[in-house]
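This report describes a ligand site and the domains around it. The sequence and structure come first.

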Amino acid sequence: MKRFKNRDIIDINDFPREELLYILKIAKKFDPVFVKKDRSNYTIAQGKIAALLFFEPSTRTEQSFRSAAQKIGMGTIGFNDPEATSIHKGESFSDTIRIMDAYADVLIIRHPEAFSAKTAADVAQIPVINAGDGPNQHPTQTMLDLYTILKQFGRLDNLKIALVGNQKHYRTMHALSAAMFKFSNNKIYGISPKGLEMPAEFKHANYFDEPIDMRKLNRKLSEIKPDIIYAGRIPKEYMKGDVKKYSYQIDKETLKCLPKSTVIMHPLPRVNEIDPEVDASPAAIYFTQARNGLYVREALLTLILGRI
Ligand code: CP
């Protein structure tokens with residue numbers, strides 16, 4: 001197995017199945033569902049610094065990385081408002097990365113441009129984690145999605161997943177589609193408005209485009225009978241024109257169309273895609289999914305720093 005120490009996390013395709021399974025195994029060591037007490041160890045990475053460079057807003061990714069770093073003993077530095085840094089004075093992205101590289105042991109970067117994390121990794125001496133690069137990918141979200149699926153079903157094979165919403169611009173769906181291909185006999189159904197289908201590079205043999213009028217979502221889901229619905233908001237920051245026409249909602253009527261065992265995931269934030277009335281259903285696992293991000297990110301930081 002390739003070593004994790006000092007490794008960048010840029011693209012989910014850089015991680016074969018065995019490595020993904022290993023990361024998920026380590027994540028279990030931090031998850032109170034699997035360990036009797038909080039196994040976060042405040043000394044694992046004592047003296048190390050995580051720099052969180054958020055050029056684009058975030059709640060879950062930024063705060064769970066911050067929490068994960070602190071739970072394993074790291075200090076944190078960084079920003080979430082680039083205008084409050086010397087970028088405001090005209091400093092370039094590359095120079096900003098070079099400077100933060102000197103102050104930290106790992107860089108965690110979210111940026112609105114595709115492939116910006118790769119650009120940062122080319123400049124930095126220390127490991128870089130892609131925390132979402134525009135409409136491209138969000139590999140650590142995918143790792144926590146895989147962890148959530150494994151925890152729920154006990155397997156990552158033989159699953160039917162309905163991706164619902166705009167697949168074209170949705171980075172977490174891109175990386176999840178690519179990741180599920182590494183496991184056996186998974187079928188992915190991309191239920192999107194026409195014109196917002198999955199880009200070819202993230203599709204595979206068992207990927208089925210299902211472009212529909214989103215008002216017919218419930219009917220389509222009752223045909224597919226997915227194990228997992230993976231919903232996403234309309235990423236309007238990456239789209240032009242009126243995007244309201246693409247909106248849809250999963251509600252109590254949708255639940256009636258689904259097998260009892262179907263679960264609903266969403267990377268969050270949600271806007272209107274899931275009626276809050278669905279939250280109380282056992283099918284709704286999106287808040288657990290967000291919580292799982294903490295354990296996966298504790299594992300990733302520990303592995304990258306070579307502390308496990
Ligand atoms: N899932 C996710 O990336 O959420 P944030 O944008 O809040 O980080």
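Which side chain has an N or O atom 3.0 Å from a nitrogen atom of the ligand? The side chain belongs to Gln141.

## Basis

This is a predicted model, in which local features need pLDDT of at least 70 and side-chain atom pairs count only at pLDDT 80 or more, while totals for chains, interfaces and linings use all residues. Residues are numbered from 1 along each chain as its sequence is written, and side-chain values use heavy atoms, with hydrogens and water left out.

## Ligand shell

Ser58, Thr59, Arg60, Thr61, Arg110, His138, Gln141, Pro267 and Leu268 surround the ligand (a heavy atom within 4 Å of it).

The protein buries 92% of the 250 Å² that the ligand exposes when taken alone (Shrake-Rupley method, 1.4 Å probe).

## Domains

The domain assignment, automatic or from a database, gives domain 1 (12-138 + 292-304) and domain 2 (139-289). Both domains give residues to the shell, so the ligand lies between them.

The C-alpha centres of domain 1 and domain 2 are 25 Å apart. Contact (heavy atoms within 4.5 Å) involves 34 residues of domain 1 and 30 residues of domain 2.

How values were computed: Polar contact = N/O pair within 3.5 Å; in protein donor to acceptor, adjacent residues only side chain to side chain.
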